[in-house]
Every structure is written in C-alpha cells, then in structure tokens.
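Please keep the viewer open as you read.

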Amino acid sequence: MKRALLGHAQQAGLAALTAGLVASCGGGSGGGGSNSTGPKIPDVVIGVVSDGTVMPGASIALKDAYGTEATVTANVLGQFRFPTTGLMYPIMLQATGRNGLLYTLVYAEEERANLNEATTVITEAAANVNNTDALKSLYNDHGFDQIRRDQLQKAENLYLQTLHNEIALSASVVDLSPRIKDFSPGTTDVDGDAYGQLISFANVEINPQDGRIQVLNRLPEGVGLINKTVVDGVSDDLLSGGLNITGPDNQTTPATDSLSRSLRRKALYSNYRSQVDVASGGGYGSLYGPAQKYAGTEYTAYIDDGSGNKNVLLMVQVPASFDVSKSCIVAAAAPGSRGVYGAVGTAGEWGLKHGCAVAYTDKGAGVGTHDVSSDSALAIDGSVFSSLASGNFTQFKSDLRDPALANYKIQYPGRLAFKHAHSKQNPERDWGRNTLSAVRFAFYVLNQQYAPTSTFADRHLRAVKPENTLVIASSTSAGGAAALAAAEQDKITLVDGVAVAEPQVQAGDLQGLAVQQGAALQAAAGKGVLDYISYANLYQPCASLAASVAGAPGLSQLDATNATNRCAALKQAGLLASSSVADQASEALGKLHGYGWLADSDVLHASHYVSITPAMATTYANSYGRFGVENNLCNFSYALAGSDGKAVVRSNLFLLDMFVNSNGLTPGYGTHFIYNTLLPGDEAHDEAAPNGSTLHIPDVYRGLLVTMALSPSTGKSDFAFDGALCLRELATGKDAAGQDLAAGTLADQATRVQNGIKEIQYTANLQGKPAVIVHGRADALVPVNHSSRPYVGKNALVEGGTSKLRYYEVLNAQHFDASNGTIAGYDTRYVPLQVYYNQALDLIYANLKTGAALPDSQVVRTTPRGGSPGAAPAISSANVPGIQATPGSADRITLSGKTLVIPD
C-alpha cells in the first residue's frame, strides 16, 4: 500500500478530539445573551455555503425548533451570517445546491455552522435517514428538534473516521467536522485549502445507510458526456490505434464508417509520431518503444463550469493488464497546445507498459478549431458541427455572433479561431487543476470498472482510492509544467510523485536566486514564456544568417530576403547597432545569448522560427490577454493560404484533419499565419489589395513560397516585423526604446496581457513530493535558463532540506525528439531525450514502490551520432549513458547559497 491507514492511537486521538466538539445534549434556550447554567450563547452564527464550490449569493432558509422561519443571503464568497436573538435551538438551515438540497444543524453555544454536502450527510446520519427528502420533511415539520446533540456528534465522528479511511491524511487536516470547521472551499477559478479540496473534490460521496456511513464512487463535479471505447489490442488498441507506427497508415483519409472511431485511431497514430523519433537508427525499438498494442478500455469526457465555454477534455485509458492490487495512475497532460491524445507516445506508453491507467487532459488548450467562415467547429469526438447546433459539445467555439460574425466573415474570409489562443479563458492558469481533474476522473472510472456495487441504489463502492494507488504526474513541455503545477496545488496527496521532461514552467519570483554555469553567471534567468518567446520572435530570423550557424538544419526553409529585411528593420528600430548584414546577424545571435539562450542552441533558431516561434508568441499573447479571433491581435490572423499567399475559404471537412494532425498552433497542419497588412496611407484593411493580407512564413511542405507580410513601418517584406514588435510590446509593456507605451489601444492591450501573466503562479513548492526533471541543454524553445534551472533552484530555496526534487540536464538534447528523424542535421547533433524521460519515470516509480534513492542532480554527458546530415549512423547505448547513481563532482548540480551551480 502507498500509505498506511491510521493506527489505533491516531484513531483514538481523533475520537478524543471530536468528542470535545460538543458538551451537552438536546435542544437549547433562545439565542442572544448568557445561559444561567452554561457558556455564553453567541449573538450571531457565521458560515460558508458550498456545493463542491462556494455558492455566491445563495439563499439560505432557516427554521428553529419552534418553527420560526427566516432567510439569509450569502455574499460573493458564499459567506453568510444570521442573528440568533429570539431563536430556539436546534436550528436547521436549508439551501439548494447543484445536486439537490443541502442541510445543516446548529446547537447552542456554536458560533459557526457551514452548509455543504458533507453537513447534509452528517445530518442524515444523525437523523438515521437515507436521503434529503426525509430531511426536507423534518425541516418542513420542524421535526429536527428531536435530533439530539450526541446523535450529531456520533455522526460527525463517523464521518471524519470515514474520510481518514478513504484518504489517509493527518489529523491536522481532518481535525474538525465540516459543519464547524473554518475552511476555504474552492471557487470556479481557485481550488480551496486542503480541507476544502478533501470534502469537495475527492471523488467521494458518503451516504448514511442503516446507521452507518458508506462511501460511494462519485463522478467529479462538472464532468459530462462520457464515451467508452473497448479495444481488443489487435485491430485497435490504446496506444497506436492498431496501426503500424512506422508505416504510412496516416496517409489515407479517415474512413467514413464509424467516423469518430477512425478519427481516434488516426489521432493516436499522429500524436505518437509527433513526440517520438521513429526513424530508423534513432533509437526507436532499441532504446525506447516500440509502440506495442494494448487491449483495454478508453473513457473520454469533458469537464466544464456549466457555461459550455471551458470544455476541458479528459481521457482515461485502462489497460487490460491493470491490477487493482498494484493500482497505479499516470497523469499525462498534453504537451504544448496539443489535444487530449498529445502525450500518448511519452507518458502514455510508459504507463501502459507498466499496467497503469493513464489519465490525459488537453489542459484547456487543445485542437479545438472554429472555422469562422462556415461557423463550424470540432466536437469532442472529432466530428464537425455547426457551432450553434452543437450545444455545449464542441471542443471550442468562439463567442463571435451575428452581426459581428457576419461582418468579420466578409472582411476576413477563411479565418479560423483556436481554443488555446481564442477561448478567452487563459487556460494556463488552470493547467494544474485540469491535471488533477484527470486524476479524479481516473479514480471514478477505475471504480466503476473494478469496485463492487453497494446495496444503496446499485452504486459502486471504492476499491481504487488514493490510499492504495500510486499516482505519478508526468508529461513533457507544457504538459510537464502542468504536472508540476498539479503537484504544487494538490493538498490531499492525490499525486505521489512527478517525472517530467523539458517542462515549460515559469518560476516567477526567483527570491534572489542566481544561475551559474561553470564559472559564468547567466545574465538572464527565469523569464516568463511570452517574454522570452516574443524576444526570440524578433531576433531569430536575423540571427539565423550569422556565419557561425551556416548550414544549420532547416536554414533553407528560411527566406533569406525576408531575414535580411528583418535585420534592417531591427537596425531601423534601434534594436541593432551594426551596419552590415553579417554583423547584424552576429549581433542578433549575441542578443539571444544575452537573453538566456545557450550557444548549444545556436543552430536551432532557423528551424524553430519557421515552425513554431511566431505561433507560440501569438498564441500566448492572445491567451493571456483573453483576446478573441475578432481582435486580430497585432494584425495577425489564422487561415489556410492559397498559392498566392492569400487566405482561402475551404470545405469544413478539413476540420477532420485538424482533429487528427493539428498541434493546436498556427502555423500547423493545414493552417497558416496571415498578416493583415495595412500599408502607410491605408485607411482600412483591404483583403483583396495586392499588399493586403498575405502569408507570414512560407510553407515549403505545401509548396507555398510566397511571403509578402509587408510591414507598414519599413515597406518591406520582413516576416511582418511590425507584428513581431507589437507582440514584444504587449509582452513587456514597453516600446522599442524601452519606454512605457503611450496611452491608447496597444497600451490597453498590453495591460490585459500583463494581467493574464500575473494569473500564472508557480510556487516551486512540491510539498516534499519526490520529483525528477530531465531537460536538454540545447533546448531552444524552452531554454533551460528560463525554465528548469530557475525552478529547481527556487524549489531548493522554498523547500530546503525537505525537497525531493532532482534535476538531470542532458547534453546534446533538444526539445523536439521527433525532429531528430525528420530534419537533416538534427540526427547528427542530437540524442533522444525520451531515453532519459523514461529513466526519470523508472526512478520515481522505484522510489515510490520500494523507497529506492533518487540519484543526485547532475549533468548527463552524451555523445552525438555524427556522420552526414540525414544519414547519421545508428545510435547505441554508448551515445546515451545512464543517469549516474553517484555523480562525480564534475557532474553534480548543487545549490551554493542562493546560486544554482551547473557544471559546464
């Protein structure tokens, strides 16, 4: 078992503690003033009303033992109070929650009386009834005055002991009845404290039956539309969809029969290959993988706040090999902006191989796409609906409606809205919560599948619960950040350990931490995602022309004329000082070094700029500022471009391909960046103008080489420099000269972005949970100086000697393993980080199962494959030595005072 149940001494201590809650039995005198034979009776009783989350503005009815009635209203925090003068105890409160009526009782001398589902269960148990209908009758007839105080005390003790048995937490957390405990329930935006999480979000429904309290399995609040798919492990499976991962299966259009199932199979295939290098010689089948076929059951659902606007996708895969006696769950949030299948090739594969259930989520980002021209959107299963006809079952639909929608379609034909960029939800603030929601959903489906049924309404009990299940939060990139956030936010030990790779985590306030590599202090560390990606978006095109990176992978895809013009635009704006193109390029590369990128990343800037940097900068600026598609932030929009570089309207059937292949960003599969150019003198956007909206970056894979993207300030095609500068100004609130933005639209937009960034709070406090981070030193997308290094250092400062976090920095590894097999030159230079990600999971699993020690933080020294680009020799274990059990001093990563020291 993962955690021991309470011992007899703890149980006795808990009973003694709760026994002291009340001291008298029966009813009481009226409120207000002193009782001649007892303590002072309070003039006012306070409490909080909640039904999973707080209930702002809730109406609460109360009745005393004589039948006197009154009504009070909760404030915006769900807090309420009522005077006791003239009332006769006991007093019963009643409110209507999302799942029915809520009740609680108040006795003399009590200053607090919360109202929630737990107090309702306790009241039922005290009254020896099994449902709220019976309590309603007692309330209406004021028969509750027959419920003695000692009956309520017994019910409270039983409830507390039941919680301890279900989720083994210390008595310091579960110390008082939820009826009188001063605690913080959650809201729709923020989880409550440990006690609030426990009674609100623990997937526990406790019902009294025959004088005892029975624990029933419960669907987490807000989860809907559960689809169940059973696969045989031959024609279809959980990991590969039954397809040949190294074959050409994804080249065919999904079959029209059983459409959603076919789309699911293709999405599994595509997402697996997007995360792992499956090319010959890269390690697939020898060092990691290959994808095996796993029979089992897959459950998909969404979680929402009732508005239909969030619709965060959840999925749980349960392999046929799952063993309740060895229960484990891997929580795998999607990397980047990918959909719910995004982590199948990384965390998913490891989990299924070890017989664990895998709990996935798209984190509220994902591949949800709204084709504004046809007003069509992707449903949860990948099918296509009219956004209006789909109800709440789309992954995402913009809130743009007629007449604004009609006007936008005319002015900007063919445009697309994306979930991460345009949902107006700022989903990153909820990545940790969404990961925990996936874990809770996993507990629910596992108990529905494996737990026996109760005699109460044929409901399932709970055989799989946190007390006997290992839970590892694990993923890569943004999914890795979500895993860390979940571990930080989890206050009831749903998550036991963490294993992540290249996490896109934001350390926030570094509390004086410095980062040093070798003898050199790093000039920039701990910048936020939009800060550093908007900086890269400015300088990468010019830096890619530097002589030192000649022959860089993917450089041929970067239009040299546009890149040269970008250098000139930077010079014109005062952001570069050099005169010649060669010197400007070297200076731009130096700027990137000074802002936290290591020289290890130099040759990656060209290929990253073409494929992802502008996409991330635009997506995160939109997301943080909660902008919609109609805002065309910094004059960027999304569409499919035609051969002339102009946006085109196409059949909404392409949305099926988006579900299968999209990574949730643009440019991406089937979509492009469009720069809505306004030239000097233009009074309005003109879609048809020769220099109007045009392709931002060439798509060499589809033969689209046209790149106008003229900047009004330069009159040249320079990868839309004005748009890139605009994104940078939104990220910093400063203009090119470093001055505060002048009052106006851009300054207002920057304020919105800054406010959104403030909502992203990582504490680096993992609460003593064992955790491993692996990261490639050459990562150019999520530089180690802005992510893992500062997070690890801050964790050491925050947790001190209680920290169980280990960090392994891998040389010659970068962010996109799949590119090692698809971009010539990656194969010769970089080793697969997947090897070390799997080791991280192995280490955490062994630590949790057997207590095996985690090796100290260290640099892992690998050897590139070498050879000719596109024809590197096959990798072997000699290229990727294992993490050392006891690293030498030359490899050990340490904290010296407030400086994290990384060996060269």
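## The disulfide of Cys634 and Cys726

Cys634 and Cys726 are joined by a disulfide, with their sulfur atoms 2.0 Å apart; a disulfide here is a pair of cysteine sulfur atoms within 2.5 Å. Because the torsion about the S-S bond is about -75°, the link of Cys634 and Cys726 is left-handed. It connects distant parts of the chain, 92 residues apart: Cys634 sits in the loop between helix H16 (613–625) and strand S24 (636–641), and Cys726 in helix H18 (residues 721–732). Helices (H or I, at least four residues) and strands (E, at least two) are DSSP runs, numbered from the N terminus. Cys634 and Cys726 are both buried, where buried means under 20% relative accessible area, exposed over 50%, and partly exposed in between (1.4 Å probe, protein chains only).

## About the model

This is a predicted model, in which local features need pLDDT of at least 70 and side-chain atom pairs count only at pLDDT 80 or more, while totals for chains, interfaces and linings use all residues. Residues are numbered from 1 along each chain as its sequence is written, and side-chain values use heavy atoms, with hydrogens and water left out.

## The other disulfides

At -100° about the S-S bond, the link of Cys328 and Cys356 is left-handed. Cys328 belongs to strand S14 (residues 328–333), and Cys356 to the loop between helix H7 (344–353) and strand S15 (357–361), 28 residues apart.

Cys542 and Cys567 also form a disulfide, with sulfur atoms 2.0 Å apart. Its 110° about the S-S bond makes the link of Cys542 and Cys567 right-handed. Cys542 is in helix H12 (residues 529–543) and Cys567 in helix H13 (residues 560–572), so the bond ties together parts 25 residues apart in sequence. Cys542 counts as buried because its relative accessibility is 0%.

## Nonpolar cores

Which residues touch the most other members of the largest nonpolar core? Among its 217 residues, they are Tyr159, Phe441, Val498, Tyr539 and Tyr791. A nonpolar core is a set of buried Ala, Val, Leu, Ile, Met, Phe, Trp, Tyr and Cys residues joined through side-chain atoms within 4.5 Å. A second, separate core of 21 residues includes Val49, Ile60, Phe80 and Leu87.
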